[in-house]
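This report examines a single protein chain through its fold, its packing and selected residues. The sequence and structure are shown first.

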Amino acid sequence: MSGVWTGLLLGVCVYVCVTAQRNGPPGFLYHHHHRQHDQTEEPKQNISNSKIEVQSVKIDCKVASRFAHTVMTSTALNKANVSQEVFFEVELPKTAFITNFSMEIDGQTYLGEVKEKETAKEQYEKAVSAGQTAGLVKASGRKMEKFSVSVNIAANSNITFTLTYEELLQRRFGKYEIMIRVKPKQLVQHFEIVADVYEPQGIAFLDTNATFLTNELLPLVEKMVTDKMAHLSFSPTLDQQRKCPDCDSTLVDGDFIITYDVNRAKDIGDIQIVNGYFVHFFAPADLPRLPKNVVFVIDRSGSMHGKKMEQTLEALVTILGDLYEEDHFGLVTFDDKIELWRPSLSKASQDNVKEAKEFVKTITARHMTDINGAVLHAVDMLTAAKKNSSLPDHSASMIILLTDGDPTSGEQHLPQIQENVRNAIGGNMSLFCLGFGYDVDYTFLDVMAKQNDGLARRIYEASDAALQLQGFYEEVASPLLLEVNLHYPDSLVNSLTNSHFRQLFDGNEIVVAGQLNDLAVDNLLIEVSAQGLEEQFLVQDQVSVEEWALMFPEQEYIFGDFTERLWAYLTIQQLLDKRDKCKPEESENITAEALDLSLRYNFVTPLTSMVVTKPQNDENPEDALIADKLSEDQRQDIIPQDFDYDITVMPIALKGSAQALLVDGDPHFIIEIPEVNDALCFNTDDKPGTIFNLVREPLTGFVVNGQTIGDKKVEPGSKGHTYFGRFGIIHEKFNIRLMVTTREILVSEQGKHKELLWSKTSTVKHLNMELQVAKDHSLTVTLRNTVKCVIILHKVWEKHPYHQDYLGFYTVDSHLLSHSVHGLIGQFFHGVKFEVSEPFQGKDQDKPDATMFVKGHKLTVTRGWQRDFRKDVKNGENVSCWFIHKNGTGLIDGKLRDYIVSDLFKTF
């Protein structure tokens with residue numbers, strides 16, 4: 001079937017895909033697919049002509065005892081007489097596990113299958129080698145993950161997408177939160193959100209809010225709350241969704257949020273037993289607050305310079321003001337030197353807090369990062385205070401570490417730092433780690449915190465960073481109990497989740513789950529012990545094992561054996577945490593247990609993948625895509641939600657996200673970081689005719705090589721210049737080769753050859769490749785699901801005595817390349833971490849020097865500038881950057897000669 005495919009993206013996030021259309025409403029995803037392998041650019045299509053009818057979008061959320069089960073369903077009909085590609089895209093909380101996905105097309109159902117990651121790996125690689133986008137899950141903002149899949153459906157066919165996920169709601173600041181993100185981006189015939197909440201303890205309060213609710217939409221939120229149950233629905237008609245009577249745009253665009261809490265008493269908590277599994281929620285009411293002893297450990301290294309340091313100090317001043325008078329506190333600041341406000345902890349009196357605030361205002365960013373030494377100093381302060389009996393009895397001791405980078409001074413081996421800190425703390429205090437931005441090794445901080453009864457949290461570089469810091473402190477500001485032990489008779493229970501907790505904070509909740517050995521047992525004796533403010537906290541109770549029908553009579557609010565699934569969810573989470581902090585010899589058994597549970601309960605966890613097999617067609621006889629659970633480190637590849645898909649920001653872990661990597665001129669390489677208006681740069685210096693490998697990606701066989709040319713002639717005694725005069729671009733999986741010279745562009749695909757000239761504007765579109773030539777200016781190369789780049793032609797007066805035409809290479813979108821990508825440019829696609837000291841006077845009075853710590857090297861770098869010719873090919877635009885000398889030595893892996901290859905089409 002010939003013709004152009006148009007597509008429609010459905011679900012909680014709904015987009016329209018329109019052929020060759022570039023400029024449109026924010027949030028639209030533009031895509032183009034062609035059956036013909038070589039054709040000129042198609043005319044733009046109007047959205048109204050797409051003939052895809054969105055029949056329904058429904059989000060159904062059921063919560064039973066804090067365990068949420070959400071089903072998202074979208075149905076569409078292709079009313080056109082040609083096949084069209086339909087996209088399904090939803091956003092789900094990052095704490096949730098996907099449990100099911102299906103596509104139903106004309107009565108035929110295609111199910112996602114959860115498999116062990118290693119088992120799914122072969123299908124993953126096959127999907128990538130076939131040119132398919134293998135990753136279905138991407139990060140979306142701070143709290144969400146985006147699941148998206150597309151499928152081609154025949155004319156006059158309908159399709160139903162269904163995605164199911166589950167999560168245990170966490171209590172924070174005294175409430176639970178359910179967030180449903182809805183972004184249809186268009187009108188939907190039948191749109192509905194339904195939520196049912198059942199809490200046997202009784203619902204204390206329940207509120208709803210939505211970022212998109214207007215005065216007209218507010219009455220459409222129906223809410224019914226009784227003692228133990230709540231039912232909510234939101235179902236605007238087609239006309240009620242419109243922004244105006246004649247508009248096709250929708251008001252429904254944002255987050256639908258439900259918050260609630262349950263009734264609590266000063267007792268043993270709430271225990272629920274269903275079908276041989278039990279869950280115990282413990283968060284007693286009206287307990288007095290314990291004093292706390294806290295040491296704040298603040299990174300003042302060079303990379304904290306500017307906004308990050310301002311926000312940190314602003315938050316710290318506020319936090320100091322929020323300390324309770326019975327608290328004790330200390331301040332440790334560090335770069336490569338550790339400095340203390342005072343050598344010992346101080347009581348949080350008015351005068352002491354005032355002096356501490358004045359000290360905080362003097363903190364400035366300086367040099368390197370000695371995390372090991374700083375944390376050990378904080379441990380010593382708390383240990384000494386405890387030995388001196390200068391701290392209140394029954395008080396909670398903790399360290400709060402804030403850093404924005406990896407260690408570059410003192411002990412730098414991460415496992416050794418973790419071991420040093422664990423040995424020093426010895427279970428006597430908690431460590432909380434805050435990672436500022438994406439330059440940190442979050443896994444390192446997370447493991448170190450878990451090893452010491454704390455947790456890690458990422459602080460995002462944004463205007464609200466100070467509020468994020470304050471918000472975290474508020475979570476740990478009020479400890480209520482220490483050394484909390486929940487005991488159950490060993491003879492009656494098994495497979496117990498963690499039942500010992502170092503502390504309970506106000507507004508939080510402890511959850512324990514397990515199995516009963518005997519379903520016929522009548523009573524279960526439970527005991528909870530802990531250290532309170534003035535006395536030992538001890539409660540006991542007998543729990544009656546009642547029948548399901550007696551305990552949960554409201555069947556319509558319950559989904560299956562939710563208690564068993566809650567137990568499995570919690571057990572997997574805790575096993576994964578235990579694996580991170582255990583000894584290597586214990587890891588294998590823990591991993592195997594977590595994997596077995598993940599597969600048994602069909603959870604997509606860090607150990608499993610969901611394989612989604614799409615319907616076969618002539619072009620894609622086998623098309624398997626993979627949905628994975630993202631780690632926190634993988635979430636750094638966040639693409640702004642409102643960014644144009646065709647010029648995606650390329651993430652890179654410097655001080656921000658890199659807008660572009662480029663090489664141009666007398667070859668100068670620039671790694672640009674627009675978020676902080678900064679860049680790194682280096683030159684290459686070799687003889688004309690040298691061929692350098694710029695990019696190589698072994699998974700797809702994508703390679704870019706560049707050959708240098710020299711000046712026409714060089715005056716005796718002067719230094720000759722070199723430039724790039726030819727580029728070879730290869731994609732082995734697609735069987736594509738391009739040779740780009742200053743005279744012509746030679747294209748080879750599947751054995752067919754074509755020549756393009758710089759002197760003529762032209763566009764060529766193939767299935768896997770699109771080329772756009774702007775006359776005597778630039779060539780834009782887009783390789784499907786691989787990369788987008790631009791080659792700029794620099795025209796020089798042909799009678800110039802010395803210089804000749806040359807080329808520049810610029811990447812635009814490379815986020816789909818795997819982490820195995822390398823080359824002179826390719827090695828920076830997925831990040832490089834560095835720190836820069838305060839500038840100092842160098843050899844050139846007009847260009848200051850600084851010390852840079854990068855890849856284990858200590859380099860002297862110079863502040864200078866290079867030119868970016870994307871906007872102005874003739875004159876270029878100055879880009880200020882830190883210049884790395886000696887052909888980038890220390891910044892690039894190895895040496896420059898390691899990147900020299902023998903042929904323009906050399907592959908690896």
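The sections below proceed from the whole chain to its sheets, cores, helices and individual residues.

## Overall composition

The model described here is predicted. The protein has 908 residues, of which 58% count as buried. Its secondary structure amounts to 12 helices and 55 strands.

## Strand pairing

Strands of a sheet pair through backbone hydrogen bonds, in either a parallel or an antiparallel arrangement.

| Strand pair | Bridges | Facing residues |
|---|---|---|
| E7 (residues 84-93) and E12 (residues 144-153) | 10 bridges | Val86 and Val151 |
| E33 (residues 523-531) and E34 (residues 536-544) | nine bridges | Gln531 and Gln536 |
| E30 (493-494) and E32 (residues 510-516) | two bridges | Val493 and Leu516 |

Strand E7 is largely enclosed by the rest of the structure, because 10 of its 10 residues are buried. Along E7, the antiparallel pairing with E12 extends over 10 bridges, and Val86 has Val151 of E12 as its bridge partner.

E33 and E34 are joined by a hairpin through four residues. Their antiparallel pairing comprises nine bridges, with Gln531 standing opposite Gln536 in E34.

The pairing of E30 with E32 belongs to an open sheet of four strands, ordered E20-E21-E32-E30 and paired in the antiparallel sense. Strands E20 (270-274) and E30 (493-494) form its edges, each pairing on one side only. Two bridges join E30 to E32, and Val493 stands opposite Leu516 in E32. Helix H10 packs on this sheet, where it touches E20, strand E21 (277-282) and E32. The direction of H10 makes about 115° with that of E32.

## The contact of H7 with H10

Two packed helices are described by the angle between their axes and the distance between the axes. Which angle and distance apply to H7 and H10? The axes of helix H7 (residues 442-450) and helix H10 (residues 562-581) come within 9 Å and cross at roughly 100°. H7 is therefore roughly perpendicular to H10. In this contact, Asp446, Val447 and Lys450 of H7 meet Asp577, Asp580 and Lys581 of H10. By class, the contact has one nonpolar, no polar and five charged residues.

## Nonpolar cores

The largest nonpolar core has 58 residues. Which of its members touch the most other members? They are Phe101, Phe147, Phe161, Phe191, Phe234, Phe256 and Tyr260. Strand E5 (residues 52-64) gives the most to this core, with six residues.

Leaving aside residues up to four places away in sequence, Phe234 touches Phe191, Glu192, Ile193, Phe212, Leu213, Leu217, Leu220, Val221, Val252 and Phe256. A second, separate core of 54 residues includes Ile671, Phe692, Cys789 and Val832.

## Individual residues

Thr208 is found in strand E16 (residues 203-210). With residues up to four places away in sequence not counted, Thr208 touches Val221, Lys223, Leu232, Ile257 and Ile258. The C-alpha atoms of Thr208 and Ile258 are separated by 4.6 Å, although the two residues lie 50 residues apart along the chain. Is Thr208 buried or partly exposed? Thr208 has 25% relative accessibility and therefore counts as partly exposed, since buried means under 20% relative accessible area.

Two loop residues have a positive phi. Asp453 has a phi near 60°, a positive value in a residue other than glycine. Asp453 is placed in the loop between H7 and strand E28 (456-459). The relative accessible area of Asp453 is 37%, so this residue is partly exposed.

Asn735, likewise a residue other than glycine, has a positive phi near 55°. Its place is in the loop between strand E42 (722-731) and strand E43 (736-741). Asn735 counts as partly exposed because its relative accessibility is 41%.

Key. Residues are numbered from 1 along each chain as its sequence is written. This is a predicted model: local features need pLDDT of at least 70, side-chain atom pairs count only at pLDDT 80 or more; totals for chains, interfaces and linings use all residues. Side-chain values use heavy atoms; hydrogens and water are left out. Axes are lines fitted to C-alpha atoms, for helices over the stretch in contact, and angles run from 0 to 180 degrees between N-to-C directions. Angles under 35 degrees count as roughly parallel, over 145 as roughly antiparallel, 65 to 115 as roughly perpendicular and the rest as oblique. Contact means heavy atoms within 4.5 Å. Ala, Val, Leu, Ile, Met, Phe, Trp, Tyr, Cys and Pro count as nonpolar, Asp, Glu, Lys and Arg as charged, and the others, Gly among them, as polar. A nonpolar core is a set of buried Ala, Val, Leu, Ile, Met, Phe, Trp, Tyr and Cys residues joined through side-chain atoms within 4.5 Å. Buried means under 20% relative accessible area, exposed over 50%, partly exposed in between (1.4 Å probe, protein chains only). Two strands pair if DSSP finds at least two bridges between them.
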